[in-house]
Amino acid sequence: VQDNQLLITLEPYSYTVVQIEKGSEPGDPVVPPAQTLAEAKAAADKAVAGITPDNSVTAEDYMGAVEAVLTNDAIQAAWSEDFAKTEATPEAAGRLQGVITLTLAGETAEVVIDAVIPQLEPEIIPGDVDKDGSVTIQDVMGACKILARNNSGQEPTEDEILRADMTEDGYVRIDDVMAICK
């Protein structure tokens, strides 16, 4: 406390309760009330929700976030349903699941983890028009088809432009077809 202002610095995912009583003087010790199980669960749920799900997230990330918000040493956190991770791929979304149980004096509260990892963007190989992972004569023919359709008024799709636009000008033109030939 300095100049009648209270400054508190918290670690990420941390939680604190401050109680200032009327008539207290600067420098008087402030003892917060012990964190209840309900308060701990609310803080843990918020901490878990603050983790962005991706393939790099681990069980330790979740447990660390939960433990960081527990201010009552009597509250214990443990996995009651093992952490499971199905990694996201370009073909499918992934999932993070598990349950951390908080325990205080025989009472429990569950922090449920059920997060979806967004599907990964597929790697686009420039010139791989047919999406088979390599650039071949089939891709040259595919680019020619895109060019022919475009000349007859049918716009190429965004994916076709991403794969066949070798000059990166936003269009599929003959110079793109020639670049795929190289």
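Predicted model: local features only at pLDDT ≥ 70, side-chain atom pairs only at ≥ 80, totals over all residues.

Student: What makes the pair of D169 and Y171 a polar contact?

Tutor: The cut-off is 3.5 Å between N or O atoms, one able to donate a hydrogen and the other to accept it. The value here is 3.0 Å, so the pair falls within the limit of 3.5 Å.

Student: Which side chain does the side chain of D169 join in a polar contact?

Tutor: That of R173, at 3.4 Å. The limit is 3.5 Å, so this pair counts too.

Student: Where is D169, and why is D169 called partly exposed?

Tutor: D169 sits in the loop between α4 and α5 (174-181). Its relative accessible area is 32%. Buried needs under 20% and exposed needs over 50%.

Student: How do you know that the charged end of R173 sits over the ring of Y171?

Tutor: The distance to the ring centre is 4.2 Å. The limit is 6 Å, and the charge must also be within 35 degrees of the ring normal. The charged end of R173 is listed as sitting over the ring of Y171.

Student: Now R163. Why is R163 called buried?

Tutor: R163 has 7% relative accessibility. Buried means under 20%, so R163 qualifies. R163 lies in helix α4 (residues 158-164). Its contacts include E123, I125, P126 and K131.

Student: What does the side chain of R163 reach at 3.3 Å?

Tutor: The backbone oxygen of D128.

Student: How many aromatic pairs does a search of the whole structure find?

Tutor: Two. One is Y62 with F83, at 5.9 Å centre to centre and 50° between the planes. Y62 is in helix α2 (residues 59-68) and F83 in strand β1 (residues 76-86), 21 residues apart.

Student: Why is the pair of Y62 and F83 called tilted?

Tutor: Under 30 degrees is stacked and over 60 is edge-to-face. The angle is 50°, so tilted is what remains.

Student: What makes W79 and F83 a tilted pair?

Tutor: Their ring centres are 5.7 Å apart, against a limit of 6.5 Å. Their planes stand at 55°, so tilted applies here as well. Y62, W79 and F83 form one aromatic cluster.

Student: Is Y62 buried or exposed?

Tutor: Buried: Y62 has 1% relative accessibility, and the cut-off is under 20%. W79, at 26%, counts as partly exposed.

Key. Residues numbered from 1 in each chain as written. Heavy atoms only, no water. Helix = DSSP H or I, 4+ residues; strand = E, 2+ residues; numbered from the N terminus. Buried < 20%, exposed > 50% of the residue type's maximum accessible area, 1.4 Å probe, protein only. Contact = heavy atoms within 4.5 Å. Phe/Tyr/Trp six-rings, centres within 6.5 Å; stacked < 30°, edge-to-face > 60°. Lists of a residue's contacts leave out its neighbours within four places in sequence.
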